[in-house]
Amino acid sequence: MSLYSVVHFEIEMACMFLMAMILFRMNRNVNKEQSRIIFIRLVKTIMIQIAVEMVKVILNGHTWNGIRPFNIITNIVLLCLGVYLWMNWWVYALSVLKYFISKKQLFIMGIPLYIIAIISIISAKSEWIFRIDENGYYQRGDYYYIYIIVLTLYLVGSLSQLLRIRNRNRSFAKNSIINSLLLFYILPVFGCIVENIWDQAPGMWTMSALSVALVYFDMLEHSSTKDGLTGLNNRHTLEPAFEDRIKEATGERKLYLFMIDLNKFKYINDTFGHTVGDEALRHTSVILKRAVADTNLMLVRYGGDEFLMLGFMDSDEEAEKIKQRIKDSMTAFNVLHDGQYTLSASIGYCIYEEGESLSALIARADALLYKEKKQRRG
């Protein structure tokens, strides 16, 4: 093997190890939601691609007796897997965003893949997309551009759909997920460009493995800092945020903590079921995000139907305006929603006092919240 082949082989081995580690960790997770299953399929696809690519590196440039058919088969498999990867990514992105894909839609999405599979197999004789020359080296065929067009169709199709969803969607949580999904495109596209300039370079497969790893690590970070239901910060983010903010708190720059508790949430859950209860929590998170969008308040789902906000304000008057804005937003939601339930909340807030612990601050805000809830009950 040439020095180039050895380096290429080592890079592929490193990517294979990385994918194997991700696959191992994901298979240990009991979460079997559809998007996770599709992501595992993506990882397996890349692992197969890398394995076949490593075989290709070994076979390329050799003319041993009987090796040509194996060389042809590896290239057919790589061409098909390249298209399948992009199709699978499209399906994965939609599943993460909770879009249902019917079998008919899946079949239509797969048509370009079927075409490439047929043309690739025919190319074993016709040499349309690729050929193996007399020295055993892979060469692109006269119609290789068909393969590039199909890859581009999947890339542009999935990318444009994600951007359309992002532009018409007002959910911060969903847009945050879309932004993470969009990061996947950068490295594989770069790899494709490099590979098409220099066809011996370790391009799309290597970059796809790195992109999948980035998406996986982003998933880990998201799951450790974000609430799975609402997309808000979870309670684990509160302590470090509090420690950072108390360093900035001064006489003029007052640190406020708000506790928000939904009224009659147990009734909603018990009467209409947990699915409707979850929907109510998601609607509440959207209302809260819009209400504090122009402030520095950090929004946290503290647990159950309790939410917490932490940030700086100039006065109680400003805090009261935020409190009233939330209540008015819930009233407006009830008018427009006209659904099975109505949303309302009790809210308590207080100012951080020097040397006070987070738990003590929360306890004071919580006491004021329940004082308001008691007054509301009469």
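S211 counts as buried because its relative accessibility is 1%. The cut-offs are these: buried means under 20% relative accessible area, exposed means over 50%, and partly exposed is in between, with a 1.4 Å probe and protein chains only. S211 sits in helix α8, residues 204–225. Helices here are DSSP runs of H or I with at least four residues, strands are runs of E with at least two, and both are numbered from the N terminus. Setting aside neighbours within four places in sequence, S211 is in contact with F184, L187 and P188, where contact means heavy atoms within 4.5 Å.

Before I go on, a word on the source. This is a predicted model, so to read it: local features need pLDDT of at least 70, side-chain atom pairs count only at pLDDT 80 or more, and totals for chains, interfaces and linings use all residues. Residues are numbered from 1 along each chain as its sequence is written, and side-chain values use heavy atoms, with hydrogens and water left out.

Not counting residues up to four places away in sequence, S123 touches W128, I129 and F130. Between S123 and I73 there are 11 Å in space, C-alpha to C-alpha, and the two are 50 residues apart in sequence.

Now two loop residues. Most residues other than glycine have a negative phi. E127 is not a glycine, yet its phi is positive, at about 60 degrees. E127 lies in the loop between α4 and β1, the latter being 130–132. Is E127 buried, exposed or partly exposed? With a relative accessible area of 32%, E127 is partly exposed. K264 is not a glycine either, and has a positive phi of about 60 degrees. The loop that holds K264 runs between β3 and α10, and α10 is 265–272. K264 counts as exposed, because its relative accessibility is 60%.

Next, the strands. Which strand is largely enclosed by the rest of the structure? Strand β5, residues 306–313, is, because eight of its eight residues are buried. In a regular strand the side chains alternate between the two faces of the sheet. On β5, E306, L308, L310 and F312 point one way, while F307, M309, G311 and M313 point the other way; all of them are buried.

What does β5 pair with? Strand β3, residues 254–262, runs antiparallel to β5, and eight bridges join them. For pairing, DSSP has to find at least two bridges between two strands. L257 has L310 in β5 as its bridge partner, and M259 stands opposite L308 in β5. Strand β4, residues 298–303, is also antiparallel to β5, joined by five bridges. There the bridge partner of G303 is E306. β4 and β5 make a hairpin with two residues between them, and G304 in the turn has a positive phi of about 55 degrees.

Back to β3, which is mostly covered, with eight of its nine residues buried. β3 pairs with strand β6, residues 345–351, in the antiparallel sense over seven bridges. I260 stands opposite I347 in β6.

Last, the whole chain. The protein has 13 helices and six strands. Its radius of gyration is 27 Å, well over the 21 Å that the globule rule gives for 378 residues, so the protein is more spread out than a compact globule. That radius is taken over C-alpha atoms, and the rule is 2.2 Å times the number of residues to the power 0.38. The C-alpha trace spans about 90 × 45 × 35 Å along its principal axes.

Of the 378 residues, 47% are buried. Looking at contacts between residues at least 6 apart in sequence, 70% join residues at least 24 apart.
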